[in-house]
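Welcome! Please take a moment with the structure below before reading on.

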Amino acid sequence: MSKEKLTLLYAVHQAFHWLIVGLTIPVIILLYQSRGLTLSEIGIVMTVWVGCNALLEVPLGGAADQYGRKRVYQISLLITMLGCVVTLYANSFVSLMIAAALLGSARAVYS
């Protein structure tokens, strides 16, 4: 595959990835409110999400070098799917925090 074709494929992949992420971020607050969380609790859940991402960013930084980019990206997609499933079936503050921790961890693995 040529360098130009690989670049185009990567650009299309990233566009779809971030389009999906960009569409879910505005809706996630409404989802959390529909599950009965207050704005304070939503803030805590989002802090867990960002905190897991920040805490795991450095320790997982070399994972792609050690295991390969494709494999690490596939693992991050699996963790993201697990986090999404937990979010869909979550009905309590604690379960939404677990889902946020999974989604934050997946972002750390992805990057």
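Please keep in mind that the model is predicted.

**The largest pocket**
- The largest pocket has a volume of about 830 Å³.
- Its lining is made up of 26 residues, and those nearest the centre of the pocket are Val21, Thr24, Trp49, Thr80 and Leu103.
- Helices H1 (3–34), H2 (39–57), H4 (69–89) and H5 (93–110) are the elements that give two or more residues to this lining.
- H1 gives the most, with eleven residues.
- Sorted by class, the lining holds 18 nonpolar residues, seven polar and one charged.

**The second largest pocket**
- The second largest pocket holds about 530 Å³ of space.
- Around it are 16 lining residues, of which Tyr10, Arg69, Lys70, Tyr73 and Tyr110 lie nearest its centre.
- At least two lining residues come from each of H1, helix H3 (63–67), H4 and H5.
- This lining divides into nine nonpolar, four polar and three charged residues.

**The cysteines**
- How many disulfides does a search of the whole structure find? The search finds zero.
- Cys52 is in no disulfide, and the nearest cysteine sulfur, in Cys84, is 15 Å away.
- Cys52 is buried, with a relative accessible area of 19%, while Cys84 is partly exposed at 38%.

Methods: Residues are numbered from 1 along each chain as its sequence is written. This is a predicted model: local features need pLDDT of at least 70, side-chain atom pairs count only at pLDDT 80 or more; totals for chains, interfaces and linings use all residues. Side-chain values use heavy atoms; hydrogens and water are left out. On a 1 Å grid over the protein atoms alone, a cavity is a set of points where a 1.4 Å probe fits but cannot get out, and a pocket is an open set with protein on both sides within 12 Å along at least five of seven lines; lining residues have an atom within 4 Å of a point. Grid points are joined across faces, edges and corners, and a volume is the space filled by probe spheres set on the points. Helices (H or I, at least four residues) and strands (E, at least two) are DSSP runs, numbered from the N terminus. Ala, Val, Leu, Ile, Met, Phe, Trp, Tyr, Cys and Pro count as nonpolar, Asp, Glu, Lys and Arg as charged, and the others, Gly among them, as polar. A disulfide is a pair of cysteine sulfur atoms within 2.5 Å. Buried means under 20% relative accessible area, exposed over 50%, partly exposed in between (1.4 Å probe, protein chains only).
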